[in-house]
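Welcome! Take a moment to look over the sequence and the model, and then let us walk through them together.

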Amino acid sequence: MNQDWLAWLGIKIPDLVAGMFGGVVKALVFHREKPAETVFSGVVGGLTANYLGEGIAEKICYGRGAVCFAVGIAAMVICQVILERVRAFRDNKSGGGHV
């Protein structure tokens, strides 16, 4: 199979899969009952691990697979925190009301 287009997109299959499984584990641990939430968590975990895992692994001198798995677990939490901060900032700018 020609994987040139994956390399062009910056996708590293092992990192993507490790992060995806981390995201799925996170969804299962936090008892997400809707299948869509589990799939979404896996996608976010996989993509986040794909693009951040290698750099983090190099910085902390730890194995890429383990780091990508951990990034996958943490990805949804990180995304939730970012979204909450953005919403709080937006609400503060608009006078505190919800839009």
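Let us begin with Met20, which lies in helix 2, residues 13–29; helices (H or I, at least four residues) are DSSP runs, numbered from the N terminus. Residues are numbered from 1 along each chain as its sequence is written, and side-chain values use heavy atoms, leaving out hydrogens and water. This is a predicted model, where local features need pLDDT of at least 70 and side-chain atom pairs count only at pLDDT 80 or more, while totals for chains, interfaces and linings use all residues.

Met20 has a relative accessible area of 34% and is therefore partly exposed (buried means under 20%, exposed over 50%, partly exposed in between, with a 1.4 Å probe and protein chains only). Leaving aside neighbours within four places in sequence, Met20 is in contact (heavy atoms within 4.5 Å) with Gly42, Gly45 and Gly46. The C-alpha atoms of Met20 and Ala49 are 7.9 Å apart, although 29 residues separate the two along the chain.

Ala49 leads us on to the largest nonpolar core, whose six residues are Ala18, Ala49, Ala57, Val67, Cys68 and Val71. Such a core is a set of buried Ala, Val, Leu, Ile, Met, Phe, Trp, Tyr and Cys residues joined through side-chain atoms within 4.5 Å. Helix 3 (35–60) and helix 4 (64–93) each supply at least two residues of this core, and helix 4 gives the largest share, three residues. As for Ala18, it touches Gly65, Cys68 and Phe69, not counting residues up to four places away in sequence.
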